[in-house]
Amino acid sequence: MEILGILIPVSLFLGFIGLVFFIWAMKARQFEDPEGDANRILTKDWDDRPKP
Amino acid sequence: MALAEPDLGGMTGGLSACPACVAAPSAERIAQLSAQGSARIMLSLPAAHCAACISTVEGMLNAYPGVTSSRLNLTLKRALIEAEPQVTVDELIAALKRVGYEAHELDAGLLSATEADRTARDLLMRLGVAFFSMMNVMILSVAVWSGAEGVTRDLFHWISGAIALPTVVFAGQPFFKSAWASLRAGRLGMDVPISLALILASSISLFETIHSGHHAYFDAAVMLCFFLLIGRYLDYRTRAIARSAAEELAALEVPRATVLEDGTEVVKPISAIAAGDIVLVRPGGRMPVDGVVIAGESEVDRSLLTGESLPVFAGADTVVSAGEVNLTGPLTLRVTAAGKDSSLHRIADLVAVAEAAKTRYTSLAERASRLYSPLVHILSFSAFGFWMWRTGGDLRYAVNISAAVLIITCPCALGLAVPAVVTAASGKLFRKGLLIKQGTALERLAEVDTVVFDKTGTLTLGTPEPTNLDAHPQIAVEVVMALAGASGHPLARALSEAAKARGLRPARVEDLREVPGYGVEGLWKGRRVRLGRAEWCGATAPMTETATWLCTGEGEAPRPFTFTDRPRPGAAEAVAALQASGKRVILLSGDTDGAVAAMAGRLGIAQWAAGQLPAEKAARVTGLTAEGARVLMVGDGLNDTAALTAAHVSISPASALDAARVASDIVLLGQDMAPIADAVRISQQSARRIVENFLISGGYNVIAVPLALVGMATPLAAALAMSLSSITVSLNALRLK
């Protein structure tokens with residue numbers, strides 16, 4: 001049962017990473033314009049060079 | 001160009017353990033922007049829909065001199081533009097029109113998008129936290145359910161508690177706040193049993209954990225938080241979209257007027273205009289104020305106010321009202337009333353009064369919760385009382401049972417039943433071009449059995465179409481085409497377009513001159529020819545239809561060119577579909593008998609009335625309601641606003657006047673009318689789904705509550721009932737077609 005002492009903190013830590021990532025994504029406004037982002041990937045505007 | 005990649009700022013910053021640090025770049029950006037003194041412009045682009053739209057719009061805007069950056073939000077169909085102060089909105093709108101996009105200015109301040117945004121993100125964050133802890137507590141609970149004993153069980157309970165308690169405190173706040181508010185108002189809302197269940201479940205679980213008990217409900221508490229927050233978030237999002245739509249539409253017309261001060265023209269906001277000021281209205285402009293014409297002659301289009309499709313002459317001393325459109329010549333007005341006192345505003349105020357007096361519709365959710373929350377409390381307290389008596393005062397056992405009853409009955413699925421369906425349905429309708437402004441509009445639309453249409457601007461586009469071009473000799477049409485080409489009057493434009501479509505070329509007419517308010521005249525083969533109003537051309541024959549006259553002088557009788565209003569695309573389909581589904585369709589218009597009869601015949605509407613005044617329309621709708629009919633009113637003009645408000649539910653096209661759009665519950669974004677019939681069908685379907693959802697969650701309760709009452713509801717049973725009912729309810733909502 002000693003393994004629990006390692007596994008539970010590890011699983012909690014992994015879950016916590018997910019939570020932090022979600023909060024980051026929200027703060028970075030990743031959910032602001034889902035439809036636009038889905039379409040933006042299809043544009044060819046900056047295919048040859050990065051957006052300045 | 002630090003602003004070129006506004007949304008990617010955080011992405012390159014890497015992962016940070018501190019969420020606040022990640023948010024910092026955007027704050028920095030705002031500071032930068034204000035330092036540069038640049039202007040923020042927000043435009044609504046209802047036609048944007050695809051990847052190519054993004055490239056075209058952003059490419060055009062970014063290349064526009066003075067624009068620092070621009071971004072098109074396709075979800076909200078809005079473009080946010082950062083530009084140097086000298087760039088004006090009108091230029092940008094004109095530039096967008098050239099690349100094929102209709103754009104409207106939005107008042108960025110009025111929209112207060114950031115505020116609504118913050119609340120939504122706050123809810124989403126609580127949802128994320130609740131999800132995280134639900135998953136972790138669930139894993140620990142599985143171990144307990146599958147038979148962990150003694151110290152292991154206690155350890156798992158302690159860890160669960162350490163995760164669950166902070167979560168309940170943080171994620172449960174929206175419920176606690178609203179429960180407190182409703183308790184202070186002396187009501188028992190849905191949130192009271194929810195909060196009670198959360199608090200009771202957490203505290204009894206903590207107590208059990210301390211005393212090494214068998215059952216802890218930590219998982220149920222966080223799960224409750226999670227599922228209810230989903231419902232709350234969906235509900236909030238639908239309402240935020242509806243509200244922003246309403247604000248967006250209200251903000252569409254930024255009211256300004258050109259005032260003449262000592263001979264110079266000054267553009268002023270309406271609020272700064274007082275009675276007695278002199279205002280200039282250019283052709284094509286809308287009267288910003290009520291006034292009397294002191295100089296200039298023109299024709300005004302009153303269709304939005306009265307429903308008349310024929311423009312009216314306006315010369316010195318003509319009284320004009322705010323909202324009318326000036327067609328041909330510039331008019332100088334002396335203001336008699338502006339802003340809040342103008343007739344436009346007075347009608348808007350009347351609508352506000354009617355709105356307040358309107359019997360408030362109780363939504364299905366409200367009715368359900370009114371029935372539900374007393375029941376939950378009674379059940380829980382009677383279970384507590386019964387087991388106290390039965391066990392001879394075993395407080396721990398009795399509290400355990402009553403907590404279990406509260407958790408089981410807690411309206412998890414009920415909280416999802418309505419928001420899930422409404423979200424699915426309004427998403428469907430938005431894709432069809434209908435914007436729901438009122439939360440309960442969908443349910444009310446489902447009950448409709450009578451549909452009342454307005455004619456001008458609603459069933460028709462308000463664009464005239466010549467009807468008798470072929471009745472005239474070709475040479476006459478060619479002369480007309482030449483004359484019409486010199487004017488921007490809607491009838492003239494329609495004539496020259498129709499002639500062009502027939503492949504004709506304009507005759508050689510010289511010395512073309514537009515006489516504002518009357519028509520166009522010119523010299524054709526040395527003869528003076530005129531195209532315009534009947535009296536100006538010397539025509540005397542009375543016409544019931546909209547017409548303009550051509551006179552070639554010298555003994556020839558003037559020729560009438562008649563028009564009909566072009567029907568809106570899909571109008572016939574919408575009417576046919578509504579009639580096919582057994583709805584009674586009525587046409588009420590302020591226009592003349594002939595025009596209304598023709599339109600009714602064309603669309604197959606048997607019941608119609610012409611020459612209706614605004615009050616008569618409203619009275620008719622009220623009369624129908626009194627007879628027991630549920631009326632859907634579809635209208636666009638100021639003359640319809642009272643009727644729109646009086647109806648059970650109302651729809652207006654986006655081209656409608658502000659007041660009408662504000663008064664109506666649903667706005668039709670595109671030109672096509674056909675979605676109205678679809679909307680009625682979808683609303684009926686969604687009302688059925690809502691009731692089904694109530695039955696489903698009620699069914700789970702019928703099975704689970706007796707178990708809880710006799711003390712057999714283990715945490716496992718509670719978790720199962722809760723998740724199963726929530727999932728079935730959401731899936732049922734998605735069945736909407």
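In this predicted model, the axes of helix H18 (residues 474-484) and helix H19 (residues 490-501) of chain B come within 8 Å and cross at roughly 130°. That makes H18(B) oblique to H19(B), because angles under 35 degrees count as roughly parallel, over 145 as roughly antiparallel, 65 to 115 as roughly perpendicular and the rest as oblique. Axes are lines fitted to C-alpha atoms, for helices over the stretch in contact, and angles run from 0 to 180 degrees between N-to-C directions. From H18(B), the contact is made by Val477(B), Val480(B), Met481(B) and Ala484(B); from H19(B), by Ala492(B), Leu495(B), Ser496(B) and Ala499(B). Residues are in contact if their C-beta atoms, placed from the backbone, lie within 7 Å. Helices (H or I, at least four residues) and strands (E, at least two) are DSSP runs, numbered from the N terminus.

Local features need pLDDT of at least 70 and side-chain atom pairs count only at pLDDT 80 or more, while totals for chains, interfaces and linings use all residues. Residues are numbered from 1 along each chain as its sequence is written, and chains are lettered from A and ligands numbered from 1 in the order in which they are written.

Chain B also holds an open, mixed sheet of seven strands in the order S14-S26-S25-S24-S15-S22-S23. Its edge strands, S14 (434-436) and S23 (607-609) of chain B, each pair on one side only; two strands pair if DSSP finds at least two bridges between them. Neighbouring strands of this sheet are turned by 20° against each other on average, direction ignored. Within S25(B), Ile651(B) is the bridge partner of Val634(B). Helix H23 (residues 614-626) of chain B lies across S15 (450-453), S22 (584-588) and S24 of that chain, running at about 160° to S24(B).

| Strands | Bridges | Direction |
|---|---|---|
| S24 (residues 631-634) and S25 (residues 649-653), chain B | Three bridges | parallel |
| S2 (residues 67-73) and S3 (residues 78-83), chain B | Six bridges | antiparallel |

S2(B) and S3(B) form a hairpin with four residues between them, and Lys77(B) in the turn has a positive phi of about 55°. Arg71(B) stands opposite Leu80(B) in S3(B).

Helix H26 (residues 675-709) of chain B has 35 residues and spans 49 Å from first to last C-alpha, close to the 51 Å expected at 1.5 Å a residue; the expected span is 1.5 Å times one less than the number of residues. After H26(B) comes Gly711(B), with a positive phi near 85°.

Technical notes:
Contact = placed C-beta atoms within 7 Å.
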